[in-house]
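Work through the two exercises below with the sequence and the model at hand, and try each task before reading its solution.

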Amino acid sequence: MNRDDFPILQERVYNCPLVYLDNAATAQKPKQVLDALQYAYTHFNANIHRGVHHLSQVATQHHEESRQAVADFLRARSSNEIVFTKGTTNALNMLAQSYGEAFVREGDEIVVTTMEHHSNIVPWQLLCHRKGAVLKVIPLNDNLTLDMQAFSAILSQKTKIVSVAHVSNVLGIINPIEDIIRIAHERGIPVCIDAAQSAPHLPIDVQHLDCDFLALSAHKIYGPTGLGVLYGKEEWLNQLPPAEGGGEMIEHVSFEKTTYNTLPYKFEAGTPDFIGSFAFAEALHYLQDTGWEKIVEHERELGKYAERRLASLPDVEIYAQGAAKAGVISFNVRGVHPYDVGVLLDRQGIAVRTGHHCAEPLINHLGIPGTIRASFGLYNDEGDIDRLLVALERAIGMLK
Ligand code: PMP
């Protein structure tokens, strides 16, 4: 992996070289993506779809090529299935709003898991409040994996959708989404995958998975911030009403009656982030050029190395130790608040995240105030883990 592609990794923090281990929150951008942003603003900044003039046509073409790049990245059947959003949160809110409007009635049930990020809980809760529906939660086994027997038992005629994280942003656990999708489909229930934490680390094939919806954020996949994707099978998206109204999502508007645009524009009200989509396509090309096999292998080995090194410290407790993980390790130092450790690591140039990581139900389940989370990108290496360990031992020495 070429660290030199990521200029920010040269930064110093408190006069220490930066060790960036907060990739689950957002990933750094290669210079190809930074250059693409500059290039787009410099050469074809013009609003898309509505203009006859040259720049507008160039911008439109790039935006639609980027949509195709996302469709290819997810192995979607068609770029009509790719809706650009502001991020995963926005995508899940749009889905809950739109799917809920069409398909959820009083007494119906929505299924999520104990380890969801708030953005895969609260939009469904809002829907439940609106419709008088009920949120059901898949519990965890003692080893923090999903209790799949309980999952099967939770499903009923009332279940209208299952929405689950592919990879937990707190534990890094890779959930058995193939089984979840198969079991839900056997009962005719659609499944939405929150791929915010998996898309940066694992190749995704929506046709193979057969998921009905999927959400992701560009900024976690080395792309620009403020952009995301809602994937939906065309047959589902065609049945859903628009989540937002405005320009672009319409076919004709009158005060008596408005008709809607075709897919995917029906779900893209207003000016989309056509500069961001161009840069995102660069990020996807960057991943493709690097190669999934290499990325997956590198990050798996790095994760194992980090877990082994952390486990060698007697005061450290690792959550979901030994489970199949992608990109994330959460741990605590016994008897010490995670925030205190985080501050002392920061002072040594190590960027980790501490707290509930927007997954309070999971943190409450663990009965702890939060965790220290180290999360990796493709540019991290064993040297970063070694520096984390040195800094952590120093912090423990000061705190205990
Ligand atoms: N789901 C998961 C699993 C996440 O980790 C995150 C980001 N931490 C989100 C959803 C929300 O993503 P965004 O803030 O980019 O909308």
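**Exercise 1.** With which side chain does the side chain of Glu-268 make a polar contact?

*Solution.* The model is predicted, so local features need pLDDT of at least 70 and side-chain atom pairs count only at pLDDT 80 or more, whereas totals for chains, interfaces and linings use all residues. Residues are numbered from 1 along each chain as its sequence is written, and side-chain values use heavy atoms, with hydrogens and water left out.

Begin by locating Glu-268 in the loop between strand S12 (258-260) and helix H9 (274-290); helices (H or I, at least four residues) and strands (E, at least two) are DSSP runs numbered from the N terminus. Next, note that Glu-268 has a relative accessible area of 5% and is therefore buried (under 20%, with a 1.4 Å probe and protein chains only). Finally, its side chain pairs with that of Arg-67 at 2.8 Å, a polar contact being a pair of N or O atoms within 3.5 Å, of which, within protein, one must be able to donate a hydrogen and the other to accept it, while residues adjacent in sequence count only if both atoms are side-chain atoms.

**Exercise 2.** Describe the polar surroundings of the ligand.

*Solution.* First, list the surrounding residues, among them Thr-88, His-117, Asp-194, Gln-197 and Ser-217. Then take the distances: a polar side-chain atom of Asp-194 is 2.5 Å from a ligand nitrogen atom, while ligand oxygen atoms lie 2.7 Å from a polar side-chain atom of Gln-197 and 2.6 Å from a side-chain N or O atom of Ser-217.

Notes:
A residue is near a molecule or strand if one of its heavy atoms lies within 4 Å of it. Buried means under 20% relative accessible area, exposed over 50%, partly exposed in between (1.4 Å probe, protein chains only).
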